[in-house]
Each structure stands twice: as C-alpha cells, then as structure tokens.
Amino acid sequence: MSFPNKRARNKVGGPVRVAVPTNTDESSALRVNRARSFKTGGYKATANQVEILDISQENWRNATSWAPADSSNFALDVNGSDYDQALYASVMDETWTTQKDTPKDTTEGTTNKKRKRSERSQRPTVIWTEKYRSEYLDELMRLEGRGEFNRMARCGDCVGRRNGVPGPALYRCVSGCFVPDLTCADCCVRRHQREPFHVIEMWDGSRFTRSTLKSLGLRVQLNHTSACPTPVPCHSNLTVMHTNGIHEVAFDFCGCSRSIPQHIQLLRRRIYPASQQTIQTCATFPLLDLLLKLSFTSKGSMLDMYTAIEKLTDSTGLHTPKSKYRMLMRMMLQYRHLLMAKWAGRGLEPSGIEGSLPGEWAMICLSCPYPGINLPDDWESAPEEDQFLYRAYTAMDANFRLKNQLVSNYSQDPGMGIGLSFMVPREPYERYQLVKRKDDDISTCVGFQAMSQANTRFSRGLRYTGVAGVFCARSETFLPLGVANLQKGERFSVMDYVFASAIKRAFSSVSDVLISYDISCQWFVNLKHRMQEITWPNHLKLPDSLNLVPAIPKLHERMHAQGKNHQQYSLNYIPGVGLTDGECPERGWGPHNSMGNSTKSNGPGARCDIIDSTFNWWNWLKAINMGSTLAGRFCNAVADRNQQVEAHRSLTETLDQDLVRSWESKCVAWDNEPYPKTVENPYEYKVEEAMTEAAVRIEFAKEEEERLAKGGAPITPPSAFIEMSLDIEDAQRRLKRLAKNTSTKATTRLESNLIEQRRQLRKQIQAWELLLPMYMPGLAEYLKKNPQISPQMEDGAEHLPEDDTIWVPSRIPSDLRLEVCHPKDLPEIEERLRVSQCTDALAMLRHVLKIKSRLVYFKQKNVRGQRGGTRSRAIIDRVHMRARISVDKYRHAREAKLRLSGPGPWEETLRVLNDSDIRSFTDAAAKPKRGRPGTLEDGQVDRSTSMPVMTDDYSLDPEAREARDGSGETRKELSWIWLTPRDSKESGEDGDGILAVEWAKSRARSKRATEEVRLLREEMRRTLATLEWKAAHWIELIGKRTTNISDTLSEGLKAYALKQSALYIGLRDSFKAQWKDPLNNQDVKKGDNDSAEDDEEDEDELDDETGGLDTGGYDDID
C-alpha cells in the first residue's frame, strides 16, 4: 500500500527571545525564553531555555517612561587623564576649561565631524556681489517696463473670450497677481472682482503711472455672492488700509430684506470698520494681524507702522493720502482687546466678556504647580525631601523704562481690560497706594537705579515712573495680576501689593513659595507685619499656612553687604532651588524696554491694554518654546549634575572622613533651619585680624552715623563712592577673565551670561558716574589738560564696560589730587580700602594654595597606575580661576597704594607679588638656571636667566627638580605671603577652616545641580498635564453658550474650541517627542539657531553641487 508524500518539516532551531519581568530579588532582572534545538536518537525537537538577564534601573526606566533619558556619564571625561593634566597644569594656563563647548556622552564615544563649508556657504554675500549683483539690478530695472509683454497691444483676456473688439492692453497688477501681463480696463476690473486691494499701474506709452480699481469702475458687493437687488453705496471717500497700502474702495452694502448692519457686513468680509454709523475708514484683518505681530516682536510704535503703510501708498510726497493714524490706533486697540477675549475663550462663555474674572485672560505658565490641574493627588503628603518639587518659584523687580507721561486721563481713556490679564485692577490698587503715599522709597544696600530715580527730575511730568512685575522664576513668564504701575519710585507698598496679588491669583493653594527680589534682605523682614496692618486689603490676605522663602538673585546677591548669615538669601545655598538664578525679571524686562518709547505717550488705559497684550504674547512664546527650552536645560543640567557630583566626590575623598562628617552635620543643620537662620553658617569665611574690606566699610559706616548725629546733611558719604569704584574695578577684572575664557564657540548659555554681566556692569558704572562730579569736581579740567587714550577711542573698537576707566584719587598725580578731589581726605579713604583689599586678596590666595596642595597630595598618595581618578575638572578649574583673580586684585590694589602713599615701611608687609612668590608653603623656591655659555649670538638675551617678575602666566605647580637640585628642604624659603599678619583662626579647628567652607560650597553645588535635574523632569510632567487640561477645558466649553446664538455662530464657536484643543494636544505630542532622548539630540544640544544655520548651509552646498538647478526631488538619480 502506498502513502502520500508527507510535507517536509521546516528547519527548527531559530531563537526567539521573549522578555518577561519576573519577581526576583533584583527588580531589574528579566526572564528570557530562548528557543533551543536538541536531538534525541533520530528525533529532533525544540524546547525553551530560560535565561536571567540583568538590566540597569536607569536603562529600564528610560525604556518604559516618556520622561527624558538620563545618563550618569553625560559630559564627563572618558577617564581621569584629562583631570591629571589639568591638576598639574599651570594655574594661568587657560586652555583647560571646565565646560566644553559641546557636552558629550561618553557612553558611546562617538564623534560628529562637521563637513567643511564651501566658499559659497561661508561668504554668500561676497559671491553674490561678485557674480550676481549686476544681474539682479538689471532685472529690477526691467520690471519698470512692460517686460516680455512689450509687444502686446491688445488685451489677451478679450482675445481669449472672443468678446468683440479687444481693448488696449494698458493695465497691470503689481501687488498680488502672479503674471504681470497687461489687460484692458474692463478685464482688469473683472479679474479683481474679489481682489479689491491690489495695486494697479497704467502704461501711458512711455512709463507706468499709479491707478486705482475704483477709478476703473470696480464696485464690491457685500453680504451677497452676486448682485444685491437694492444695493446701498458706501461713503464716497471710504478708505481701506491693507498690507500693501491705503486704498479707496467703492463698496455696495446690502439693502434688501436680508440686510444686516453695515459694520457687520464689513466684518464678515474680514474688514474692520473704525466706526459703526457713517463708515469712512476701515482696515483689513490681515493688516491688523500684521501690525499686531510687528508690535509684539519689534515693540515699534503705531505711528512708525502707519508711516510705513502710508509710504507704501506714496513715497514721493506728491499724493500722500489723508492721515488715518488716529483711526488705525483706535482699531488696533479694539482688535487687541477682542483677540485677548477670544484667546481666553470668552466667546464660548454664557456670561461673555462682562463675566470675566480678574486675571482670567492671561496666558499662564505651563510648568508652574497648580493643584487640581497638574499636581498629583497626594502631592501634599509627599516626603519632605520631595516637597521642593511642588514649590512655586517666583521673582519680582521694578522697571523704570516703561514710564507714562501725563497724557489724557482715565475718564477719556479708561482702558478696556485693566485687571483681566496682568495689570492689577486700578481702583483698589490706587486706594491702597493713597493710604501709603507717605511711605519712603526703598533704600537699598546697593546703589541701584531704584534709589537714584525716585524724587528726582526723572519723575517730573510723569503719571507713572515705571511698572513692577512678578515672574515665574523658572520659565520667565509674567504671572497673572502680577504687574502694577509705580506712582513714584519703588516703594514697599507697591511691591507688597503686586506680590500678594500675583500669589493670591496663582499660588494660594500651594504650600511653599520662593520669592526672589534684589533687596529681599530688607523687603522681606517685615513683610508679614505689613500684611497684618488694618490698611491691608482683605482680598489680598494670604493663607497662614503658606510658607514664603526669601531669596536674592545671584548676580545681585554678591553686590550686597555680606552681613551675618547673609548667605541665607543666596540661591546657591537654599535647598530645593536647583539652578534657579532669580534673574528672570532682568531677562523679562530687557526685550520690553523698547516698548516704553511707544507707550510713554499713550493714554493711561490704552497703555495698560498694550502692556497686557504684549506680556500675554511673551507668555505664549514661552509656552510654545517650552519643549526646546526644557530639553536644552535638561542637557545642561545633566552635564552640570554629573560634573559637580563627580567634583564633590573627588574632593571629599581627599579629606579626613571625621572632618567631613562634622562639616556635613553643620550643612544639614543649616539646610533644615527655617528663615531666619540662627545656626552656625557653614558658608561664611572667618574674619581676619588684619583689616579686611568688610571691616573697613563697617568703620566708614560708623563714621557716617556719627556725622549725621552731629547734624550733617544726609548725602552719599565719600567712602560709599570709593567702595563703589573699587567694586566696579573688581567686576571689570572678573569680566575680563570671563570674556577671555569664553571662546567664540561657547554655548548660548555662556554667551548670555557674559552679556548679562556686562549689562549689570554698565548699570553700576552709570550709577557711579552720577557721583563722580561730586567727589572729583576737578576731573573734567584735569582730563582737558591731560587727554587720555582709551581702547574705545580706536576706530571700530567695541565699547565694553570692562574697558572703562574708573577714576579714583590714586589715578591722579599726587600734586594735583587736592585740586581734583573733594573732600580732601578722599585719597586717605581710598588708601585704607586699598590696604584692606591687599589683605583680602592674600587671604584668598593662601586659601587657594591650600586646596591645590591637598588635591595634588591626594593624587600622589592614593592613585596608582592607570586607575581613573575624578572625571570632572570643575574643582581644579575653579581653583585656578580664583588664584588668578586674587593675584590680579592684590597687584592692582598694591599699585594704587604705592601711588597714594609712596615708598615706606608698609612695603615690608605688603611686598611686590612676584610670580616666584606664588607657591604653597610646602614648595621650595625655584632656582635660577643659566644656559650653556657661548651659545648666544651678539645682542641675544639669555631668556633662562631673565626670569619675569610679574606676568599673567604664572604657575601654582612646584618646579620639576632634577637629582642635582636635591629636595630643597634644607634651605627651603617660605614665601612671604605665608608670613603676613592674618587671623589666628584662619585655619580653623581642623587646620583648614577655609577648606571647610569650600567643601560646604562644593556640597551645595552638587545638591543644587542634582535638584535641577529633578525639577526639570517634574516641570516636563507638569507641562504635559497642563496642556492636556487646557485641551480638555476647550472641549468643555463647547455648548455652554445656548442663548442669543445662531447656527453659524454655534458652528464657529465649536470649530474654534476644537481648533484650540487640537493645538494643545499637538504641543503636548511635540514636547513628548523632543523630551524622549534630548541627550542624544544634536539639535537640542546646539540650539535651534545652529540647526537653522546648518539647514542654510545644506541649501548652499546643494546649490554648489547642482549649479543652482531645481532637481525636482530626484537628487539620487544620475
């Protein structure tokens, strides 16, 4: 019997991996089933073989979460070799920097080599000038004639329609029609039945002249798609402003049974009428949108924008249209207001605009904490160490650029939306300020503009001297109801009100709010007491459970007088703040300062409406850029965290662990102590017995108090002028160092930091210049007789604040000081401060040398062979930089002291600081070495024997000694810097008191950098939750309005709500994609501008390769 052939068995044995989490002891373990083939006798089969794989927690979290992937190796060196080189490098060798231009992830070790750019890509304007400029000019001149249509005598449209005798081809459109052919008058009107705002030119036989569609007979019917049986002509002089100029247009309104009000007929054709009865002036929606975006982005005045439209119509001055500026201004204000209401969803609410709540129209910050919107349900019960994730971070400051002149009044210009967005409601705010009108302006401990502009000529003729604002300190957005006008100066009453208003509106439900203000050390002390006064508004009372944490912005804090425990205001040492710098008001005010030129002459109500809409646009830009902003910050934060944690670990390993535990306990006690802190301050240096700058300044302050007690007039004391001058000199030297170390390829963050510090320095110099004529009245005459040459006087030289000359008595020859300076003891005041500067600089230099010695000692004793040490050079780079700053400060101060006092016994203590003196107490002095005799040519100098005395290239490292040099211990000479008078407590109980402070600061940097990464991840989560809430909110608005609504309006309301909901969902998805793997996203790490530049380079390269031809999308075809 035969059997049918069996189907052949498929080959077995192909592995199949199925990963399933298991309940093993290791939470990261996975069980993998791998198919395995085996053979038993003549039988083949497969079976599962179970394997256990171990996946790191970090990789597992990155693979299963939307949150950005983290890496503990990002931005660290591959090994410790670079650290070793930096450790033993010269302190003045500035080729070693802490931050790389582009952070790299060392897990892969890959490099992205950028291709070389062609000349066309590098210098496109040069290529255009050499090859194409004449061609472009010829084409522009060609367009002045009829071009390729110069032989066309008859209208082509008439010929195409075969409509009788064709008319003469005399008219062309030059503003919207793509083909500039010539037609007759009738065909030109026919073409533009639905394009009434195009510009028409007529050929008169030799040239083109301007014409209008209205003069050719065009009439536009409204409220119908065809003719109306009973049209109503518009005003004979009706004018419409459009993006290409001002036009006279002949409209026919609908007059039949289906007619509606005339202004509604225009609005339905996207034309905005300036009035509602006899309409003579209108503007198109595209023009209003364009002007609105221009005002948001350029901060230009409406007069300038109108002038541009006017010149588009006629720039010859022969046919200038009648001015429509006031009507355009009125339409723009109304349009701004309507768009704000539209964006706030008031059109979908049954109560409409009238039912709006205060602050409801403002665009909120997407990443701020809002209970019930973007916070977990159990956020209040989170562990103590996680509570900072749900804190609100705010900052506030005043702006004196956004002034308002005494123009118009609130009766004529009450404003349409004051109190609905960012400006606080006017009536209750002004009532409270009236009660507090006798309060003194803020007197700061630093000479800023807030103090110098109140009660001066700067406030004359002004209704408001500026505005005060409250920001989100993380996203730099304005907070709703967080902006108020300054009646006269920056008063506590103003700052109290605007702060409480913003917090009450946005964060009254959270438990913790940090407030950064440049004078928090004064303002916050009695804040709660002022809020408990009977005059304090009831609607601004904050919950008693709300915990307020004061802080001072980082750039401002170091300018304050460093009193006892002043570090409690520093954002470097406040737990939970991450890398928040508190300087967001400066970055928020900066782009809006130019708006003051246009709003200062507005009426009070119009100005408030413009400020509200502009700040709302600023918040919107921050919102839509939140994806790239947080992704970029996350990359920088991960790099900072890894470097600071590694740096702190390496520093801690060099120290005795018992000391470390004692220091840690002090830091923990400081962190846990609420404001005001009374525990021991681990971040404060001990005061030396020799007179320090702080001690001298305190002495001057006491002398000033005694003078005032005797009836002296309250003026800025001479000591304050000298102190300000020396502070500016310190800032200049520090800024020069920063500018020198900031490469041309530095990251955007480093460049912006340099620009911000220069801006702060300019403000300091401006305040100093106000005092200069008072204390050096003869300086102008001296400079007239002795003109000075400065770098700014060179042709094309950029004016930098660090290059400005700061005039103090030491810069004036001794025989002329009494003529130039006033009072006569001004040189003596400077001399005392110069001596204290030398004392402080030497103390810091000794401290730096101690740290350097410890790091080198640890490296020599504990690291052997190729075993890696620390992979972050942040510590050693900071040590080197501090040494350079200290040496520069000492040398500059001693030189000034020598000019003031001349030679004397003081030189035995404050000696010349040669390069050879800059060495640790463990290092021997370098021996001078001579070159081999007879090898030098005539006139050639033996450079080995001519050792430089003072250079900018000295080293902290011991000299490499040969066998014949010996150890140097027998005749070792201690550098004189260790023998100068100093506090006996300088070394502290552990022998390194200053090192204890440095360790505490290193710990704080590590903590803050770690917190920043966690904060950013939480802000990303909150941003996505807020976007989803907003999307759902727009959906909920659909159908709420049911009365006085037509079918077409209902459809429009629904369509807009769905559009807005889809917008927020789109933003959410876009942000998720950007945040998935930002560490490996090159566009995120180098910024959007660099990406755009690369796109442009690619385009230029393609032009080079294809000769500028359009490849039609088939680039890969040969």
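Visitor: Which ring does the charged end of Arg172 sit over, and how far is it from the centre?
Guide: A charge sits over a ring if NZ of Lys or CZ of Arg is within 6 Å of the ring centre and within 35 degrees of the ring normal. The ring here is that of Phe208, and the distance from its centre is 3.7 Å.

Visitor: What kind of model is this?
Guide: Residues are numbered from 1 along each chain as its sequence is written, and side-chain values use heavy atoms, with hydrogens and water left out. Local features need pLDDT of at least 70, side-chain atom pairs count only at pLDDT 80 or more, and totals for chains, interfaces and linings use all residues, as the model is predicted.

Visitor: Is Asp512 buried or exposed?
Guide: Asp512 is in strand β19 (residues 512–517), strands being DSSP runs of E, at least two residues, and helices of H or I, at least four, numbered from the N terminus. Buried means under 20% relative accessible area, exposed over 50%, partly exposed in between (1.4 Å probe, protein chains only). The relative accessible area of Asp512 is 11%, so Asp512 is buried.

Visitor: How are the planes of Phe471 and Phe478 arranged?
Guide: Rings of Phe, Tyr and Trp (its six-membered ring) pair if their centres lie within 6.5 Å; planes under 30 degrees apart count as stacked, over 60 as edge-to-face and the rest as tilted. Phe471 is buried at 0% relative accessible area, and Phe478 is buried at 0%. Their centres are 4.5 Å apart and their planes at 40°, so the pair is tilted.
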